[in-house]
Amino acid sequence: MEVNFQEIEKKWQKAWEEAKIFQVREEKGKKKFYVLEMFPYPSGTGLHMGHAFNYIIGDVYARFKRMQGYNVLYPMGYDSFGLPAENAAIKQNIHPKEFTEKAIENFIKQQKSLGLSYDWSRMIKTHEPSYYKWDQWIFLQMLKKGLVYRKKALVNWCPECKTALANEQVKNGRCWRHENTEIEIKELEQWFVKITDYAEELYEDIDLLEWPENIKKMQKNWIGKSHGININFKIKGKTWPVFTTRPDTIYGVTFLAISWQHPNLFEIVTKKQKKEVEKFLKKIKSTSQKEIALMEKEGVFTGSFATNPLTKEKIPVYVCNFVLAEYGSGIVMCVPAHDQRDFEFAKKYNLPIKIVIQPENKKLNEKEMKEAYTEEGVLVDSGPFTGLQSKEAREKISDFMEEKKIGKRVVQFRLKDWLISRQRYWGTPIPVIHCKNCGIIPVPEKELPVVLPEKVVFGKGNPLETAKEWLKVKCPKCKKEAKRETDTMDTFVNSSWYFLRYCDPKNDKKIFDKEKVKYWMPIDQYIGGAEHACAHLIYFRFYTKFLRDLGLLEIDEPCVKLFNQGMVHKDGSVMSKSRGNVVLPEEVSKKYGIDAARLFLLSMASPDKDIEWTDKGIEGSYRFLLKVWKYFNKVKIGKSSARLESKYNKTVKEVTNDIENFKYNIAIIKLKELFDSFDEEESKEVLEGFLKMFSVFCPHITEELWHKWNNTFISIEKWPEWKEEKINQQFDEEEKDVEKLIEDINNLVWLLKRKGKTPKKLFVYVLPTDKFYLEFVEKIKKKTNLETFIFLTNDKNKYDPENKAEKAREKKPAIYLE
């Protein structure tokens, strides 16, 4: 039977859109459910089936919850600012706005073709002034609260482009546009958001999240809460605090390491070492920040010595490439015997190694050590603290230093303030004005948004610097000539609150209506990649807490549950345009229909696992859909057997639980098993129930089949309910017995074929107490590919040339093959 699945898809996608069945509004008294996938950057190359996988996962869940009676908010929008559009402007001579809007148009078309049940009336695009006006408004609120500030910071700088580069734009230490131009590390005035003010809450609240444990662990490590102590070392007569989490090793310190980015570095560099230090810094500054993190650990002696406050020993101070200026005080104490990084550095630069913690069961020797000893142990050569267990010594030494005022306990976070400045065009303009008389002045809120000028020149530094008329502005305070800020915001700013705007996307008077957000938030199910663990998934938590503190929200966290999807592979690699192994939705729809692709993607494995795209796999799904189509076009409405009703109710119960827990592949297996059990005549309840469950996976074909009997949309029908009293466990046990019989038969066939015999007929002999086997003739025939006959052992007319019936036992039928 020929079926034009593509025609069916278009028909129902148009019908859903015209009837607006997925549009929602707040309904008091109706339970809500907010399903959201991380919104995409609309790349010029569009969607492939690897991308589609993510959206299909979310669509199944949204459809499921909608049918369960929830008021489901399931929106879509576009994270449409960003570097690729600006790169396209330079390479293809097309304005970023034009490039972006064409890409979005294509994305919408492709996403609609997948049968996704979005409420398109709530669509947002972050490059539109109506959206980024509120990015700017939030920035101004943060400025008022002292959460935004400006300071010098290091950037990758291309002297040829005369602009800062993202890490991604630096290739082998050179500019991506000018392959012969080495980039420099340059200090520029940059805008920062003081996310560290929320570090404690961000860290502690991780335990409240129903998120994958690996994501929670990654966030804890990224925020990095450490309990330690700032110890006062004297360098050149001045006190310098040095942070450590291991005060128990203070007697083993043999050098200090100061960050190469430390603002006061040259206060401790001697004249004699100045040239060496400058040479070292120049080497670092011609390397991208990303590459610095991967470099071998290196350093240079500053010429200065520090005095250990407990031992009074003089120890050298090195400037190093592995210490972050933002970590602790920007200076760390180094104990080679008990820290692996320090051990390797000491070996490289021939610095002393001094053991101050010995393990319980053996004695370490500095000369024989191949690596640092980093475990707990007993203190040695540690003055009055010798003999203490290292864990106890940490507290005792900290107490002593605080008492003597040579140290102070502190809680330190690895999390750094968020640098949001970008010296690029295609982003949200930062709403401040630079006035020679008044300094930095915020743009008045009534003048928002500060709209990006369209007439700019690309390829010569920051394009905004070329918008001469846009740059000129009156100072809001003194009314004299001033200049606009030319930095734009990091695009992670746009994605840190977009989920709130979906609740009230067309509000031009305020960021959103508090009551609408109160109704919809928090997100009940968020879906997206694990690669966002330490960026977006931290930033959107921070924004939620900040907006709560402004009195706009009543929640502490943006989402209850998080699901990380797997990746789609083809030919052994992750699907990607650069590898040339992508499959496009348009191609799939034309050949198999999108329902077949949806079914295939979700059948292969649990959706949090990686899957391999194969033509054979999707052809199998296509054939199954043809079977469903053929069956529902000839089935008669009648009565289902008690066995089938039991299986149906058990399937409803289990599939409901499987979808709830994202076990889509298991749910599909059970639906296929139910379908394979259908007879030529089944009850309307069973047939409709099957279509309803199957519709979340394959919405188009089921909508078409549903309309043969009904005038409603299956997509908004009520999810089937199971009747516990109709589930008969005995039927389940009997099915398992049949499966065991089929396995035994296939094993026997395999053995006979090895001996050169190919049986065509199967005879099964069962005890009268096991007559249930008679109901499964067709199933056994189908799964063994043999002409099948089943006899009761007491049947006088049975065909049994070798008296096999005598060997039949309870639940163990006898088998004869010929």
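**Salt bridges and burial**

Tutor: The side chains of K32 and D524 form a salt bridge, with 2.7 Å from N to O. This is a predicted model, in which local features need pLDDT of at least 70 and side-chain atom pairs count only at pLDDT 80 or more, while totals for chains, interfaces and linings use all residues. Residues are numbered from 1 along each chain as its sequence is written, and side-chain values use heavy atoms, with hydrogens and water left out.

Student: Why is the contact between K32 and D524 called a salt bridge?

Tutor: The term requires a side-chain nitrogen of Lys or Arg within 4 Å of a carboxyl oxygen of Asp or Glu, and the 2.7 Å from N to O in K32 and D524 meets that, so the name applies.

Student: What makes K32 count as buried or exposed?

Tutor: Buried means under 20% relative accessible area, exposed over 50%, and partly exposed in between (1.4 Å probe, protein chains only). K32 has 16% relative accessibility, so K32 counts as buried, and D524, at 15%, is buried as well.

Student: How do you know which class R409 belongs to?

Tutor: R409 has 30% relative accessibility, so R409 counts as partly exposed. Its salt-bridge partner is E402, at 2.8 Å from N to O, and E402 is also partly exposed at 30%.

Student: What makes E735 and K647 a salt bridge?

Tutor: Their side chains meet at 3.2 Å, N to O, which is within 4 Å, so the pair qualifies. E735 is buried at 12% relative accessibility, and K647 is buried at 15%.
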